[in-house]
Amino acid sequence: MPADYLPILIMLVVAALFALVALIVPYYMGPRNPSTSKSDTYESGKLPFGTARRQVPIHYYMVAMLFMMFDIEVIFFYPWAVIFRQLKIFGLIEMGVFVAILLVGYVYIWKKGALEWD
Amino acid sequence: MDWIQTLLIPIVYSTILVVILLTGFAYLSYVERKLVARFTMRFGPNRAGPFGLLQPLADALKMMFKEELSPKNADLPVYLLAPFLAISTAVIGWAVFPFASRGFSVLGYSVPPVLADVNIGLLYVAAVTSIGSYAVVLAGWSSNNKYSLLGALRAGAQMVSYELPLGLTLVAVILVVGSMNMTEIIQYQLDHTWLIVLQPFAAIIFFIAGLAESNRSPFDLPETENELVSGYITEYGGIRFAAFFMGEYIHMITFGAIISILFLGGWSGPGADAVPFLGLVYFILKIALMIFMMIWVRASVPRVRYDQLMRFCWKFLMPLALLNLVVTAIVIAL
Amino acid sequence: MTAIEIPALNFAALLPLFIVVGTGLLVVVLDLFIADKKSLGWLSLFGVILAAIVGNMQQGGAGFDPAFQNVSLLDGYANFFNIIFLSTAALSILVALGYLGRVGLHRGEYYALLLFATSGMMAMGMATDLMVVFIGLETMSIALYVMSALNRHSRPSGEAGIKYFLMGSFASAFLLYGMALTYGATGSTNFSDIGSVLTAGTVAPMAMLGLGLLLVGFAFKVAAVPFQWWTPDVYHGAPTAVTTFMSVGAKAAGFATLMRLLMVSFPAFAVDWQLAIAVLAVLTMTLGNVAALAQKDVKRMLAYSSIAHAGYILVGVAAATTEGIKSVLFYLLIYAFMNIGAFAVVGVLEQKEAIGTKLTEYAGLARKNPWLAMVMALFLFSLTGFPPLAGFWGKLYIFRAAVNADLTWLAVVAVINSGVAAFYYLSVIVQMYMKPAADDAPEILPSTPATRIALAVAGLAVVLIGILPASLVDMVAKGVFG
């Protein structure tokens, strides 16, 4: 029932308000003496050079993509798990096929070295 | 009109929850410092108040009166959004946790033992706890600082990676119980036995992945002080810094609570059925035990290297969790 | 809790599909442990042939029960398309066995992706529900995107991959939006349910808009003007073995779904889409042929020619009659053989990436390698539509269907276009037979047995269908739905 979720929405709003208050109020409590060197990027005391937004190693993209795939497959397990006791052997076989396909992908990325970090 | 029942009680309920969690966070930081100090033969905070008990208060005040700085190269809206997300998403998972066997009534209005008894409780928890990684990634990216970006990349990759074994163990739990409702999960454990007995591997994997997911030692790579200053929070100061701190510690408490509910029977314990308040006490004790274990791990295990961290997750925890799931399914089906 | 009723799924109808997917998965795994990629090619070929045999056996037996709660149907129509897809796959594998090794691209992924793409095409042919159409389409397209960029170290191949990916995603978005609107207007994603709602009710503007977007999406996929601009670059840039496969397979799959969708779901709007498709057909043929005239590169020329052929096929679709469907089925099968044959020859002559595909490099081929020149001439004559080769009959049936459907003007345009097309096809033949080879022309590398089998099969098919079109006509007659 959608009404069951109303408390969650309320909690969300309360939490958000709390966070807002906690973040905004101190702004008016502290001193304010802005200066250029204070608002400069911190690079261990050296003068900062260049921007931080440059190319990053491809590995992170790979992890992101692999996560997307596997996480979505994990999400597929959830409804299946809830009704598994009713599906019995049929559910087992269906999921066996699913897991087998998942494993093919897993073995593939493992052997291709997508999981190595060097 | 029952607006009191549908609106006011949830509002008060969630306000109390949030306040307790924030206080809990403050004292958790004290407990952690004290404990780690004792583990390493030091005293820990002991100046502010008796046994240093006022230390968290002092810290909080200090943070509040700091000057708020925003780096000039930062992407300001995102930079400000990140700490907001860190605090607000950390607490909302608590909406579906049951605290006792039954609620009580005030002036004829019933206060339930769980704020929202929804049938997808576990899925909801899994969803909101993973929003925390957005806060981290957004913080690191928006700061426009090299340390922050590297820290955020590491943290992002780590958190999403460990979410997979985490999710798989949750599936194993759902498989055994046959429901995602938190109350039913506890009921199942009352009827049978604690799931840590039925699903020991899931419990262990969940604990380890939970450590990594909340960026706890030995998986606290994103904040390695010796190489990345403070990682993704390098450019944050004052209360915004505290916000991330808060998010992380509340995450820790949340994980303690999830493990307690899923594997340790939640509020269950001798006499908890008859006296609901006792259930709440058991629940808190179980959470405390879990948190103590996390701190214990932090004090005794050295930090892992990043490649070890990723390999451990993808090449060990993942297949193990999957195997656990498959075996569970086969056992249940037969 | 209510007990769960497991619906009758009719796995048997999907068995050919499962065989193709299973072989693909097997190839993925074996590829990791086997250094000899050729054996993977033969394994894939075996899987494809097995799927074709099983599919045809089904046809004789249980037959036409819908599968998975009425979302897909292995009827005669789907089975005929399966034959087209599977023969395309089989011939492409044979071509690839020779080609990939020579250009240093022999990777197991080619075969796996080809099988996955084939499975997507088969799903599209069998689909009777918009959801399945989309799943099949994406399975096919994503595999093809990756295949286009198979040669990671070549810029044209990379360009082909990224271009195809971007344009394809764009097309998928159109298609999906069209599906959403159609669903919104009719409350169903099932083909025949959509059809009955639209026939019963008044003309809903939303459904009309949905149909329009669906047409745009499919026009992208079958490379019809004005949504064709990705085609030359992708077909030219992708490795030839990949172009061979996708120039036929993707097009046939697009037409398979388009025709079923138009005829089953949108008969109520027939007047409108007939006109739209007729206009598309005219534009597509004309632009494809005119642009092909200007090409100096045979591979690129064939890419434009494939646009033109999409135009001819659209003429058959525009007829919107059973005869039109038959003529399209007939044409697509013939097109598969002759187009794959032509691309296979291009692949044989291609020394390395993009060397040996220029028109001038075909000079004197008849002297250097008379057999190769002969089969190439055969395929080109057939593509032109010279009697008595198969291509002639294909065109004849399509044009006749158009005339019988009162689209004589369209047939006339198509005939004129075929005349224009003869110029560029014949110019290749002129180069091969009447021009001497340049002095510094490289040696032609010997073709492998696999390629020879592919050329022989395709060539025989073109000739045999040309001599005995009646046998195919019977087969096609079984391939009409409803």
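**Briefing on the predicted model**

Chain B has 12 helices and 2 strands, where helices (H or I, at least four residues) and strands (E, at least two) are DSSP runs numbered from the N terminus. This is a predicted model, in which local features need pLDDT of at least 70 and side-chain atom pairs count only at pLDDT 80 or more, while totals for chains, interfaces and linings use all residues. Residues are numbered from 1 along each chain as its sequence is written, and chains are lettered from A and ligands numbered from 1 in the order in which they are written.

**Chain B**
- From the N terminus on, the elements run α-α-α-β-β-α-α-α-α-α-α-α-α-α.
- A compact globule of 334 residues would have a radius of gyration near 20 Å, and chain B agrees with its 20 Å; the radius is taken over C-alpha atoms, and the globule rule is 2.2 Å times the number of residues to the power 0.38.
- Of the 334 residues of chain B, 54% count as buried, meaning that 20 or more other C-beta atoms, placed from the backbone, lie within 10 Å of the residue's own.

**Contacts between chains**
- Among the 2 pairs of chains that touch, chains A and B have the most contacts, a contact being two residues whose C-beta atoms, placed from the backbone, lie within 7 Å.
- Chain B and chain C are joined by no contact, and their closest C-alpha atoms lie 11 Å apart.

**Domains of chain A**
- Chain A is divided into domain 1 (2-39) and domain 2 (58-112), with bounds that come from an automatic or database domain assignment.
- The C-alpha centres of domain 1 and domain 2 of chain A lie 38 Å apart.

How values were computed. Buried ≥ 20, exposed ≤ 12 C-beta atoms within 10 Å, placed from the backbone.
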